[in-house]
Amino acid sequence: MRAKITYLVTAAVLVFYFVLVGSRGLMLIRHGTLVTVTFGVAVLILPVIGVWFLWKNTQFVRRANALAAELDAEGGLPVDDLVRTPSGRIDRDSADAVFTKRREETEDAPDDWRTWFRLAVAYQDARDTPRARKAMQRAIALHRSTPSAPSSPSALPGPSGD
């Protein structure tokens, strides 16, 4: 719940920033000189990119959460039995051991979104966020193509960095 609140607060602050910057860009354009119009257009590009980025990330999070809910309903969510340091961080060796298991599961069933979801969690536990995101994107794509069962082999790339 804390992550959702943080995300919503951050998104609200960003939307406020986008509106503020956008209004300044429009003020510059309304001024009407070549320099201010040029700057105004340049300033308006930033909120457009920001809104697009925020929208894509929100879609990604919603889809990943939907997969998590479906996997939870099936009883297939990975159990968090990782060893943790006294500060609460996941022990690297423990995360690597689980990652190896998840990678093997994914190699055995490369067209099952469930294995890719669990691999994404393992990547995140191993602090490899870029690969975690790619694995989750793969899980989302597989789920969209076959929402009820694993599909036939596809042309999507396998896990990288093996």
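## Notebook entries on a predicted model

I looked up Phe-39 and found it exposed, with a relative accessible area of 53%, where exposed means over 50%, buried under 20% and partly exposed in between, judged with a 1.4 Å probe and protein chains only. Phe-39 belongs to helix α2, helices being DSSP runs of H or I with at least four residues and strands runs of E with at least two, numbered from the N terminus. I also took the distance from Phe-39 to Arg-89, which is 50 residues away along the chain, and their C-alpha atoms are 46 Å apart.

**Ground rules.** This is a predicted model, in which I read local features at pLDDT of at least 70 and side-chain atom pairs at 80 or more, while totals for chains, interfaces and linings use all residues. Residues are numbered from 1 along each chain as its sequence is written, and side-chain values rest on heavy atoms, with hydrogens and water left out.

**Confidence.** The mean pLDDT of the protein, that is, the predictor's confidence in each residue from 0 to 100, is 86, and 90% of the residues reach 70 or more. Over residues 149-162 pLDDT stays under 50, although the model has 27 contacts for this stretch beyond four places in sequence; a contact here means heavy atoms within 4.5 Å. Where pLDDT is low, the predicted coordinates should not be read in detail.

**Overall form.** I counted five helices and zero strands, and along the sequence they follow the pattern α-α-α-α-α. The radius of gyration is 21 Å, well over the 15 Å that the globule rule gives for 162 residues, so the protein is more spread out than a compact globule; this radius is taken over C-alpha atoms, and the rule is 2.2 Å times the number of residues to the power 0.38. The C-alpha trace spans about 65 × 45 × 30 Å along its principal axes. Of the 162 residues, 29% count as buried, and the accessible surface comes to about 10600 Å², with 65% of that belonging to carbon and sulfur atoms; these areas come from the Shrake-Rupley method with a 1.4 Å probe. Among contacts between residues at least 6 apart in sequence, 58% join residues at least 24 apart.

**Helix α1.** Helix α1 covers residues 2-31, and its end C-alpha atoms lie 44 Å apart, which agrees with the 44 Å that its 30 residues should span at 1.5 Å a residue, the expected span being 1.5 Å times one less than the number of residues. I noted Ala-11, Phe-18, Val-21, Gly-22 and Gly-25 as buried in α1, and the buried residues of this helix pack against α2. Just after α1, Gly-32 takes a positive phi of about 95 degrees.

I then asked which residues touch the most other members of the largest nonpolar core. Out of its 18 residues, they are Leu-67, Trp-113, Trp-116, Phe-117, Tyr-123, Met-136 and Ala-139; such a core is a set of buried Ala, Val, Leu, Ile, Met, Phe, Trp, Tyr and Cys residues joined through side-chain atoms within 4.5 Å. The elements giving two or more residues to this core are α2 (34-74), α4 (113-125) and α5 (129-145), and α4 gives the most, with seven residues.

Helix α4 is mostly covered, since 10 of its 13 residues are buried, among them Arg-114, Arg-118, Leu-119 and Ala-122. The cover over its buried residues includes α2, α3 (92-108) and α5. I checked Thr-115 of this helix and found it buried, with a relative accessible area of 5%; leaving out residues up to four places away in sequence, Thr-115 touches Glu-105, Thr-106 and Ala-109.

Ala-126 sits in the loop between α4 and α5 and is buried, at 7% relative accessible area. Beyond its neighbours within four places in sequence, Ala-126 is in contact with Arg-92, Ala-95 and Asp-96, whereas Pro-86, 40 residues apart from Ala-126 in sequence, is 17 Å away from C-alpha to C-alpha. Arg-127 is in the loop between α4 and α5 and is partly exposed, with a relative accessible area of 41%. I marked its phi, which is near 65 degrees, as a positive value in a residue other than glycine.
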